[in-house]
Amino acid sequence: MSVHFIGPQPEIVGVLDLQGGVHEHLEHLERLELPYRRVKEAKDFENLAGLILPGGESTCLARLLHIFGLVEAIGRHAGRGMKLWGTCAGAILLATQVAGEKNCLGLIDMQIERNGFGSQLDSFHSEALIEAVSPAPIPLTFIRAPKIRSVGKDVKVLLRIDDYIAAAENDRVVVTVFHPELTGCLALHRYFALKCGLHPRSEDVSEDWDTASWMKLARIAS
Amino acid sequence: MDLKRYELNVQLAQMLKGGVIMDVTNVEQAKIAEEAGAVAVMALERVPADIRKDGGVARMSDPAMIAEIKKAVTIPVMAKARIGHFVEAQLLEALRIDYIDESEVLTPADEECHIDKTKFSIPFVCGARNLGEALRRIAEGAAMIRTKGEAGTGNVVEAVRHMRTMNREIRQLAQMPVEEVTGFAKTNGLPYELALKVRELGRLPVVNFAAGGIATPADAALMMQLGCDGVFVGSGIFKSADPARRARAIVKATAYFNDPQKVLEASLGLGEAMPGLEIGQIPPEQILAKRGW
């Protein structure tokens with residue numbers, strides 16, 4: 001007779017906390033009343049339903065993932081069903097092909113080009129309807145963003161703009177080249193939580209959000 | 001600059017949080033920095049330790065050199081303009097780099113006015129020794145702040161002083177009844193609206209990095225534990241015995257600043273750090289932090 005121990009259903013969303021826009025994602029998860037965890041080492045992946053790879057600098061993040069053995073840990077947990085979402089630099093880390101350099105995690109079949117728009121002077125805000133995600137248009141923030149040039153057969157395009165793809169997904173990975181965590185819109189965090197099998201609050205927009213909202217997680221004085 | 005543009009500029013700095021920005025003087029160093037995991041490079045002709053040694057007037061770097069570095073890396077490129085030298089800033093904006101440091105490391109061009117940064121689309125980072133100085137720069141349009149530790153000394157004491165001063169003033173403000181803010185703002189030279197904002201947020205309203213005198217992984221972790229959002233390393237890397245290795249070590253220590261075991265591992269076998277300078281031995285007229293107000 002064999003006994004199978006059935007562990008608790010994973011219900012925590014992790015945010016990779018090595019460098020970049022970590023607080024901003026945590027703050028959005030808090031608004032959706034989802035349990036979250038900062039992820040810094042291999043043991044932090046236990047019981048994660050999903051992991052967000054934030055924006056930051058992909059070369060820095062890739063280097064830290066490699067030296068601390070986290071590439072292997074992410075691969076292993078993706079294998080057991082953990083979902084992943086990469087924003088901006090996070091999308092670069094997840095791609096199978098990065099123009100002109102070696103890939104990092106290779107978990108979604110697509111070709112991405114770093115810094116596809118130019119310098120900071122070319123960063124911009126816009127807005128678009130992503131039907132799969134929300135019935136209302138979503139505000140988009142592009143900061144020295146990459147461009148997804150092409151995707152493989154098993155990858156669904158969520159948003160195409162001009163000559164590039166701005167958001168895509170396969171069955172375990174979502175990628176966005178823009179930063180939903182830098183806007184008051186919760187729709188993509190909600191979408192990702194649902195993909196992880198979780199039950200986020202139903203609201204898509206936080207009226208009381210402002211650009212300083214992340215700071216409550218990084219205060220000097222309380 | 002419209003509000004939306006300023007927002008994007010503040011948000012770029014947010015994406016640099018937890019990272020290390022490294023001074024580089026040529027393409028080769030820029031590539032070493034990028035490879036080591038720097039989140040941005042500061043392109044300049046001479047690192048602060050050499051500027052200090054050489055004396056004379058230090059100006060904006062040769063734009064051709066900055067352009068070469070920009071071509072060589074994909075991470076953001078920053079460069080320094082002299083305090084008050086708005087035409088150097090115009091040139092850097094025309095070069096389309098990512099961030100301008102209006103820096104006391106260069107010889108000031110104006111002893112009364114800092115650059116009116118609201119006239120630019122490109123973001124600025126400025127140095128500050130205390131809350132008043134930080135908020136005055138933000139009022140002028142700075143999208144990011146850094147401590148004004150004594151550059152080129154390999155001595156972290158001044159950066160620590162600035163960070164502790166800012167933290168103390170922020171804590172005071174956060175606990176103050178609102179009617180006391182006017183007097184506090186007057187005494188400490190704080191723009192009033194921004195003082196109210198700091199009181200509400202419990203921190204600076206933009207990202208605040210440590211800069212000046214950081215030479216070891218432990219220095220970087222110290223500044224992070226004091227509440228900085230990230231770290232600039234100037235002379236500390238390329239004036240040390242093994243720059244590539246030290247650069248990687250400081251990146252690790254900044255990411256894992258709260259984990260002494262990892263900072264220890266990062267600190268092993270790095271070779272000589274840059275030579276240090278005791279602040280008391282520097283002639284008062286050569287103290288860089290006194291430049292600007």
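Two exercises with worked solutions follow, on a predicted model.

Residues are numbered from 1 along each chain as its sequence is written, and chains are lettered from A in the order in which they are written. In this predicted model, local features need pLDDT of at least 70 and side-chain atom pairs count only at pLDDT 80 or more, while totals for chains, interfaces and linings use all residues, and side-chain values use heavy atoms, leaving out hydrogens and water.

**Exercise 1.** Find which residues have the most contacts inside the largest nonpolar core.

*Solution.* Begin with the term: a nonpolar core joins buried Ala, Val, Leu, Ile, Met, Phe, Trp, Tyr and Cys residues through side-chain atoms within 4.5 Å, where buried means under 20% relative accessible area (1.4 Å probe, protein chains only). The largest such core has 176 residues, and those with the most contacts inside it are A:Leu51, A:Ile74, A:Leu84, A:Phe178 and B:Met223. Helix 7 of chain B, residues 157–174, gives the most to this core, with seven residues; helices here are DSSP runs (H or I, at least four residues), numbered from the N terminus.

**Exercise 2.** Work out where around helix 13 of chain B its buried residues lie, and what they pack against.

*Solution.* First, within helix 13 (residues 260–267) of chain B, the residues B:Lys262, B:Val263 and B:Ala266 are buried. Next, because they cover an arc of only 100 degrees around the axis, they lie on the same side of helix 13 of chain B; the arc is that of the directions from the helix axis to the C-beta atoms. Finally, the buried residues of this helix pack against helix 10 (217–225) and helix 12 (243–255) of chain B, with contact meaning heavy atoms within 4.5 Å, and helix 13 of chain B is followed by B:Gly269, whose phi is positive, near 60 degrees.

Notes:
Buried means under 20% relative accessible area, exposed over 50%, partly exposed in between (1.4 Å probe, protein chains only). Helices (H or I, at least four residues) and strands (E, at least two) are DSSP runs, numbered from the N terminus.
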